[in-house]
Amino acid sequence: MSQSVIKQDIKRIIQGLGNESLGLSGKTLLISGGAGFLGSYILSTIHELNKKYSKPCRVISIDNFITGKKRRIVAEIVDRNFIFIEADVTKPINVKEKIDYIIHAAGLASPVYYQKYPLETIESAIFGAKNLLEIARKKSVKSFLYFSSSEIYGDPDPNFIPTPETYRGNVSSIGPRSCYDESKRLGETLCMVYHSLYGISVKIVRPFNIYGPGMLQDDYRVIPTFISQALVKKPLTVHDLGNQTRTFCYISDAIVGFLKVLLSRENGQVYNVGNDDNEISMLGLATIVKKIFNGKVVIQTIKYPKNYPQEEPKRRCPDLTKIKTRLKYRPKVDLEKGLRRVVKWYRDEHII
Ligand SMILES: NC(=O)c1ccc[n+]([C@@H]2O[C@H](COP(=O)([O-])OP(=O)(O)OC[C@H]3O[C@@H](n4cnc5c(N)ncnc54)[C@H](O)[C@@H]3O)[C@@H](O)[C@H]2O)c1
């Protein structure tokens, strides 16, 4: 990922991590989902850090490209410390090297894709986690990071918004979103079982709507959808009345949060990662995108499309007290600025 917007993001991530990033020097990281949106930012960050380290970080990235894009990473990271394996993390994995860190970021993150691939969604969250936890056990890793989701809270009781990590969730086990929500929940349980049975140094993150450059039109999450519609002067299509709310966290802030958690000392911990500053309705989000395009696009409310899972949560906003106080995490990029960066990236890259 050599583009200027992304290069600046990586610089900010490295600044945000400060000396904490030294924890990766001379170590080996095994990551699943390395070709995904979040995974490729993690790889690019380590690739840049390796230019400074006297002892580089070795990376073994596993992705089956069910949604990830090969060109995102393989074409652009030229680093002999990186190994890219095209494989399914739900199948047995044979790793000979010593491994220090494991990140399980493989998954079907976009609602359109988890509706299309419900079994793969369940398997990557659970069998993928089990495979990697077994490697963690055999290799006695320093730290294991599991990517869960804010979706594990389901449609939170309004008394629990902003939502703290202690909230137990309001989730259906048989609904249209259950393949994602419930498998992430069980994935978390597996991690905690491995932590208590075998003392594995697990940490869990629950990301709240991360966005940024690198999310392509065919990702179908709301921000790339609005921006790609605006770029071709199509109406911004807002589902239903557009009064469902979310908070959005720019990628450079989120990656600092994820790596801080990976490198933190306390095990068996779970952290919300996001930005608590900007709970906004989808109509409000479309209005900001319209402003960025100088008002030259229209906003249109539409019925939920068939390929989009029903029963989406009405509100979502993280309580970030835990990560802010324990790990000094501070999201910095405000929503409009972040959206402008994504638009610039789309334009620079002639994506549309
Ligand atoms: N981006 C967000 O806002 C967000 C929010 C909550 C949770 N998460 C979680 O974070 C993780 C990364 O999210 P993302 O936004 O980068 O998603 P993404 O879809 O961009 O990337 C996920 C990657 O995992 C790969 N993958 C899926 N199943 C696999 C398997 N069985 N074996 C190997 N590779 C496989 C895909 O090909 C893809 O490259 C996911 O687990 C997701 O559920 C992300």
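Which residue just after H7 takes a positive phi? Keep that in mind while we walk through the model; the stop at H7 settles it.

**Before you start**

This is a predicted model, in which local features need pLDDT of at least 70 and side-chain atom pairs count only at pLDDT 80 or more, while totals for chains, interfaces and linings use all residues. Residues are numbered from 1 along each chain as its sequence is written.

**The whole chain**

Show the protein chain as a cartoon and you will find eleven helices and 13 strands. Helices (H or I, at least four residues) and strands (E, at least two) are DSSP runs, numbered from the N terminus. The radius of gyration, taken over C-alpha atoms, is 19 Å, close to the 20 Å that the globule rule gives for 352 residues, so the chain is as compact as a globular protein of that length. The globule rule is 2.2 Å times the number of residues to the power 0.38. Along the principal axes, the C-alpha atoms fill a box of roughly 55 × 45 × 35 Å.

Colour by burial next: 51% of the 352 residues count as buried. A residue is buried if 20 or more other C-beta atoms lie within 10 Å of its own, exposed if 12 or fewer, and partly exposed in between, with C-beta atoms placed from the backbone. For contacts, the rule is that the C-beta atoms of two residues, placed from the backbone, lie within 7 Å. Of the contacts with a separation of 6 or more, 83% come from residues 24 or more positions apart.

**The ligand shell**

Select the ligand and the 30 residues that surround it, where Gly33, Gly36, Gly68, Gly107 and Ala109 are the closest. A residue belongs here if its C-beta atom, placed from the backbone, lies within 6 Å of the molecule. Helix H2 (37-50), strand S2 (58-63) and helix H5 (118-139) are the elements that give two or more residues to this shell. H2 gives the most, with three residues. By class, the shell divides into 14 nonpolar, 14 polar and two charged residues. Ala, Val, Leu, Ile, Met, Phe, Trp, Tyr, Cys and Pro count as nonpolar, Asp, Glu, Lys and Arg as charged, and the others, Gly among them, as polar.

**H1 against H11**

Now select residues 4-17 and 335-348. Helix H1 (residues 4-17) packs on helix H11 (residues 335-348) at an angle of about 140 degrees, with their axes 8 Å apart. That angle makes H1 oblique to H11. Axes are lines fitted to C-alpha atoms, for helices over the stretch in contact, and angles run from 0 to 180 degrees between N-to-C directions. Angles under 35 degrees count as roughly parallel, over 145 as roughly antiparallel, 65 to 115 as roughly perpendicular and the rest as oblique. Show the side chains of Ser4, Val5 and Ile6 on H1, and of Arg341, Lys344, Trp345 and Asp348 on H11, to see who makes the contact. Three of these residues are nonpolar, one is polar and three are charged.

**Helix H7**

Move on to residues 222-231. Eight of the ten residues of H7 are buried, so this helix is largely enclosed by the rest of the structure. Their cover includes strand S7 (210-211), strand S8 (236-239), helix H9 (282-292) and H11. Beyond residues up to four places away in sequence, Ser228 touches Gln217 and Ile352.

Most residues other than glycine have a negative phi, and most peptide bonds are trans. Glu311, with phi near 60 degrees, sits in the loop between strand S13 (299-302) and helix H10 (321-327). Lys328, with phi near 55 degrees, lies in the loop between H10 and H11. For a cis peptide bond, go from Ile161 to Pro162, where omega is near -5 degrees. Pro162 lies in the loop between strand S5 (143-147) and helix H6 (178-198).

**Last stop: Val270**

Select Val270 in strand S11 (residues 269-273). Val270 counts as buried, with 20 C-beta neighbours inside 10 Å. Leaving aside neighbours within four places in sequence, Val270 is in contact with Glu165, Glu188, Ile204 and Arg206. Val270 and Glu188 are 82 residues apart along the chain, and their C-alpha atoms are separated by 8.9 Å.
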